[in-house]
Amino acid sequence: MDKYVTKKKDMNFQNVESLQQVVNVVNEASAALHDKKRTIRESAIPEVLGGALGAGVGGVASFAALYGLGTVGLSGAGIMSGLATAGGAVSAALGGAISASVAGIFVLALPVAGLAAGGVGVVSHLKNKQLRQEKERLYKEALLKHEAIIRALKSEKDADQSRIEYLQSLNILLQQAIRDLKKDLGVA
């Protein structure tokens, strides 16, 4: 895999959910290969196959810290004393330029903002990694099913016309899935 597409707007499949259509086609191809009497009529995705044939193609941490620093819990006085306690050192370091309570707001918000940004980054990285792995897995699976469908078309050349059309539809859909996955994966 050479140049994986990283910009969502340039991807054919922008999330794991969007790959479901490929999963459906791969599953249908598998069913077709296991049941030589299966046609579009028995398919789980008849409209898609018919169309293919027709077309041919961190807030809690700060909340807990605020609650623990206050003298009276979450009452107004408790909140103010908690903020003053949390921001006292910052206020003193600034020569009292801002009140301890105001400094406390920033002191307690900073970990939340940092953790939130870090959390979003980690989750995004994991989701992108999962998406890429799923694309690679489906690409390999689609290639295998495509080759098997081509073999079935050759070996079943004398089959009923509805069976031939069914296999041709699967062939078209698998070709398109492979093409789209290749683009996303940067396969030459």
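Predicted model: local features only at pLDDT ≥ 70, side-chain atom pairs only at ≥ 80, totals over all residues.

Me: How many helices and strands does the protein have?

Reply: 6 helices and 0 strands. Along the sequence that reads α-α-α-α-α-α. Helices here are DSSP runs of H or I with at least four residues, strands are E runs of at least two, and both are numbered from the N terminus.

Me: And what share of the residues is buried?

Reply: 35% of the 188 residues. Buried means under 20% relative accessible area, exposed means over 50%, and partly exposed is in between, with a 1.4 Å probe and protein chains only.

Me: Which residues touch the most other members in the largest nonpolar core?

Reply: Val22, Leu49, Ile149, Leu170, Leu174 and Leu181, out of 33 residues in that core. H1, helix H2 (46–55), H5 and H6 each give two or more residues to this core. The largest share, 11 residues, comes from H6. A core in this sense is a set of buried Ala, Val, Leu, Ile, Met, Phe, Trp, Tyr and Cys residues joined through side-chain atoms within 4.5 Å.

Me: Why would those side chains sit together?

Reply: In soluble globular proteins, nonpolar side chains tend to be buried together.

Me: Zoom in on Ile149. What is it in contact with?

Reply: Ala29, Leu33, Leu167, Leu170, Asn171 and Leu174, leaving aside neighbours within four places in sequence. Contact means heavy atoms within 4.5 Å.

Me: What about His146, buried or exposed?

Reply: His146 is buried, with a relative accessible area of 14%. His146 is in helix H5 (residues 100–155). Beyond its neighbours within four places in sequence, His146 is in contact with Asn171, Leu174, Gln175 and Ile178. Asn171 and Leu174 also turn up among the contacts of Ile149.

Me: OK, charges. How many salt bridges are there in the whole structure?

Reply: 7 salt bridges. The criterion is a side-chain nitrogen of Lys or Arg within 4 Å of a carboxyl oxygen of Asp or Glu. Side chains of opposite charge can pair when their charged atoms come close.

Me: Where are the partners Arg38 and Glu28?

Reply: Arg38 is in the loop between H1 and H2, and Glu28 is in helix H1, 10 residues apart. Their side chains meet at 2.8 Å, N to O. Arg38 is buried at 15% relative accessible area, and Glu28 is buried at 3%.

Me: And Lys135, which residue does its side chain meet?

Reply: Asp184, in a salt bridge at 2.9 Å, N to O. Lys135 lies in helix H5 and Asp184 in helix H6, so the pair ties together parts that are 49 residues apart in sequence. Both Lys135 and Asp184 are buried.

Me: Which residues are linked in a network of salt bridges?

Reply: Lys36, Glu156 and Arg163. Arg163 is also touched by Thr39, along with Ser162 and Tyr166, not counting residues up to four places away in sequence. Thr39 sits in the loop between H1 and H2 and counts as buried at 10% relative accessibility.

Me: Last topic, pockets. What lines the largest pocket?

Reply: Asn12, Phe13, Gln21, Val22, Asn24, Val25, Ile45, Val48, Leu173, Gln176, Ala177 and Asp180. Helix H1 (20–34) and helix H6 (161–185) are the elements that give two or more residues to the lining.

Me: How much space lies in the largest pocket?

Reply: About 210 Å³. On a 1 Å grid over the protein atoms alone, a pocket is an open set of points where a 1.4 Å probe fits, with protein on both sides within 12 Å along at least five of seven lines, and lining residues have an atom within 4 Å of a point. Grid points are joined across faces, edges and corners, and the volume is the space filled by probe spheres set on the points.

Me: How do the lining residues divide?

Reply: 7 nonpolar, 4 polar and 1 charged. Ala, Val, Leu, Ile, Met, Phe, Trp, Tyr, Cys and Pro count as nonpolar, Asp, Glu, Lys and Arg as charged, and the others, Gly among them, as polar.

Me: And Asp180, what is it in contact with?

Reply: Asn12 and Phe13, leaving aside neighbours within four places in sequence. Asp180 is in helix H6.

Definitions and conventions
Residues numbered from 1 in each chain as written. Heavy atoms only, no water.
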